[in-house]
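Please have the sequence and the model in view as you read.

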Amino acid sequence: MASLIVGQLVFPSENGYKVWEDPSFIKWRKRDPHVTLRCHDSVEGSLRYWYERNKVNLSVSNAAVWNDDAVQSALGSAAFWVKGLPFVKSLSGYWKFLLAPNPAAVPKNFYESAFQDSDWETLPVPSNWQMHGFDRPIYTNIVYPIPLDPPHVPTDNPTGCYRTYFQIPKEWKGRRILLHFEAVDSAFCAWINGVPIGYSQDSRLPAEFEVTDYCYSCDSDKKNVLAVQVFRWSDGSYLEDQDHWWLSGIHRDVLLLSKPQVEVKIDCSRETSKDKVLTNFIIEAALYDAGSWYNHDGNIDLLSSNVANIRLKPFPTGTLGFHGYMLVGKLEKPKLWSAEQPNLYTLVIILKDASGNIVDCESCLVGIRQVSKAPKQLLFNGHPVVIRGVNRHEHHPRLGKTNIESCMVKDLVVMKQNNINAVRNSHYPQHPRWYELCDLFGMYMIDEANIETHGFDLSGHLKHPTQEPSWAAAMMDRVIGMVERDKNHACIFSWSLGNESGYGPNHSASAGWIRGRDPSRLVHYEGGGSRTPSTDIVCPMYMRIWDIVKIAKDPNETRPLILCEYSHSMGNSNGNIHEYWEAIDNIFGLQGGFIWEWVDQGLLKANDNGSKYWAYGGDFGDSPNDLNFCLNGLTWPDRTPHPALHEVKYVYQPIKVSLTETMIKIKNTNFYETTEGMEFKWAAHGDGCELGCGILSLPVIEPQGSYEIEWKSGPWYPLWVSSDAEEIFLTITAKLLHSKRWVEAGHVVSSTQVQLPAKRDTLPHIIKTKDDVLSAEILGDNIRISQQKLWEITLNMKTGSLDGWKVEGVPIMKNGVFPCFWRAPTDNDKGGGLSSYYSSWKAADMDDIVFLTESCTIQNKTEHLVKILVVYLGIHKGENGTLTELAKADALIKMDLLYTIHSSGDIIMDSVVKPISNLPPLPRVGVEFHLEKSVDQVRWYGRGPFECYPDRKAAAHVGVYEQTVDGMHVPYIVPGESGGRADVRWVTFQNKDGYGIYASTYGISPPMQMNASYYSTAELDRATRNEELIKGDYIEVHLDHKHMGIGGDDSWTPCVHEKYLIPAVPYSFSIRLCPVTAATSGQSIYKSHLQN
């Protein structure tokens, strides 16, 4: 009766009280938080459950789905997760659903059993209702999508009404019934058979209610009616201002659990008094070696894997009060857990009655490991492991926040394959299965409380909740709930108090509670400057390299520094990351970091024509919104890797190879794994041609050990001696000999390329002229230059452009060559508002430059060559396209382009660039030309095979690569400069028959940045999403002498490092062009202009 009275006061009613706007009332009838329950009635049942549940590997990830099929896959996962649990029943499925515009509009008594819901629609549970056509998703980064008026929320508060039906299994007779919501966003009330049974907030942690007395017995034919009312906005929303999509509903599983009248909970026994339990029951436990189960064929006796029995430890005499039951046992030579060697045991805790009959079994995976601190070090089992991490939101492009087993496995597989060993759960506790998978696959973890109040930073009159006593209970409840649910997971090395929530007493209280409750882990919190007393780790965000080095060298700072966020992966980004790791790998006190972030948070949306695309902020009519700031992942929404993930894999690789003057050093930076399970290979290439390769025989290198080889004693040395190549590169790779849970055998763990010393001084490239006679004739404004029927060039003497180039009569070049200093701005170029590079460029009119020809003159003409000098002036487009004296005086850039056209068909372009001195750093310095669309086969000698830029090219080895122009395009969701290849020595562009042109650096010019695309720079700048891009009627090619770095320290300040900027100073460079056919090759042409 008392519960009913309280329920009437608490639940939505006409009395005016809004429970969802009261921060002091965060739950009602909600059971205390605890570890995930998996009740069995036998030890064998518990072990069999884990035996099946742990069979997860690479093959599971292949079933990951990212389209509409994911809806059914999510329901399949919900069923899979309770398989083998006789006392857990999933209520997931299609529920009746109605979305009311506000709580007052909810149908009266919709929770009553007799209520007619036949005209309601259906909605899958778990799901976010916005992902099924109800209401709209909202994306914001900092600003709240509702007025900042805590604890009040708008009257317009979409409210979801759910109804479903269930019966209690007959096998559960005489047992207690618990109703378990794994997560609901943002607050909810629940009824069973019309009776209110609970209220809860915190959209990322479970809510569990005792419902035994409210359900029809298992002998009844009646169906129970479960009704749930979910509020989109509540006072809890003010604690959930994370940088992701605001989505609502029952987005994780709903379960019925059955427990005996007395239950056992791992690490939390509190249902009855100590005396009564000890009088009537026996508590014991056993530990089983889960790793040994899969070494046998056929049937296995799981009980035989017992490695330790654990017994109740008597309380010391004189102990005051009850402090919980302590069970102790001894395990000889335990296999320790680490991300490198994720050894796990299965712990089963058994509750028996006085006669020895099993009443209850609870079980979980456990890893034995120790987390501790030393001066400037986080220690894992006594070792200062390096955190090679990434931040991960729960995100599915079709489902929003709902999880699928195969998709979580896909995340871990791709992470592990790219040498990522740690994850920060940004910025909330995640699905319980995620933790099990991280335990199994081996992934260090920071678990983070569901607290972020970033939007309060924008307020001039409201304090952050952490400074308000009225919010203390709500904040503490979220921290406690996280710790109590997840405390048994080996992967967690640190608890985080939340994210970007200022700093105040409520954080201090939460940190104090964690340190008292769980001294076996560290506490993390960045707010307040990343160095407050509430964090055991100095954990800054986006701090520059020189600043983290300064902290590491501060003798007064004794905590390790681990960047909680760095290298912002928005679009074409992650420049400079190798410089972070040069510091981390070499400076004591720096212990790694977590990249922001794992996945582009795009949501699937249909166009008017029915085709799907990845939407971002504002695409759903959501306002306010932060546009595409949700697109900053290392992968696309379907987990296809961005090119930058190659760079991450490289800087995170555990095997490091370096070359000194005489020695090659191979270091194993692992802390637990030797190189016994790896095969090392070497390959030597000279000027892009393979000279030789083979197995590199090495002794086993111990963890943190190294092995040195005198490079002149290696198997590649005779090849180096005999080769006449200008440059020779040696590549050393380490591959796995055996399959692992996350990858097949043969996977490349590490690959490093070093350039061997030059045998001689590098000489300028030269043309070896022929005695062929060329033909040059003036035709109006054009000069046509040709050599018999082999090639023909038409140059416009008014504009200085090549209006056509044919090879054996086949059109190749449409027009060119033009100066180019502009690029389609990237997200990082635009970041920073008025201080951004993009704003600086626009202020200097660099986005609006047109190059007009000041002069075009024939400098020299013989039987064997023609020299033509073209002088270009870059002026603002508003000058009406005429070169007046005033326009000449206001020219931003002058470029002299001298063509030397040889009878061999070679064109040498010598360029001298003179920008005015007050221009901002230039986007690029180079030339542009346009090829026929059919000339779409690209082959180059330079870095690749994937996209790379001057400040993101460490992973891109120098070699000869092939790709189509279509394949060169990188489909970032928001287009911009992309698809470039760095340090290109030569490149050929050919059609399917082999006709085309060759381009290379010439003289003493360094390698180029190269790009070829069907999308013009203007088109990449115009389109706001990849699907809007329209191919031109030509291929736009860029050959850049200089190209500005892409940056990535963050995406909201101009932060390209100085060495990768292009100051507005004079430049000179030379490029060689010549015709190519199927009978010739880029290598042979390149070799022809090397001086031997």
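At what angle do helix H10 and helix H11 pack, and how far apart are their axes? The model is a predicted one, and in it H10, which covers residues 545-552, packs against H11, which covers residues 577-584, at an angle of about 10°, with the two axes 10 Å apart.

**How H10 and H11 pack**

- Because angles under 35 degrees count as roughly parallel, H10 and H11 are described as roughly parallel to each other.
- The crossing that H10 and H11 make is right-handed.
- On the H10 side the contact is made by Ile 545, Ile 548 and Val 549, while on the H11 side it is made by Glu 579, Tyr 580 and Ala 583.

**Cysteines and disulfides**

- A disulfide is a covalent bond that joins the sulfur atoms of two cysteines, and a search of the whole structure finds zero of them.
- Cys 39 takes part in no disulfide, and the nearest cysteine sulfur, which belongs to Cys 361, lies 7.6 Å away.
- Cys 39 is also buried, since its relative accessible area is 2%.
- For Cys 218, the closest cysteine sulfur is that of Cys 215, and because the two sulfurs are 11 Å apart, they are too far from each other for a bond.
- Cys 218 likewise counts as buried, because its relative accessibility is 8%, and buried means under 20%.

Note on methods: Residues are numbered from 1 along each chain as its sequence is written. This is a predicted model: local features need pLDDT of at least 70, side-chain atom pairs count only at pLDDT 80 or more; totals for chains, interfaces and linings use all residues. Side-chain values use heavy atoms; hydrogens and water are left out. Axes are lines fitted to C-alpha atoms, for helices over the stretch in contact, and angles run from 0 to 180 degrees between N-to-C directions. Helices (H or I, at least four residues) and strands (E, at least two) are DSSP runs, numbered from the N terminus. Angles under 35 degrees count as roughly parallel, over 145 as roughly antiparallel, 65 to 115 as roughly perpendicular and the rest as oblique. A crossing is left-handed if the near helix is turned anticlockwise from the far one by less than a right angle, and right-handed if clockwise. Contact means heavy atoms within 4.5 Å. A disulfide is a pair of cysteine sulfur atoms within 2.5 Å. Buried means under 20% relative accessible area, exposed over 50%, partly exposed in between (1.4 Å probe, protein chains only).
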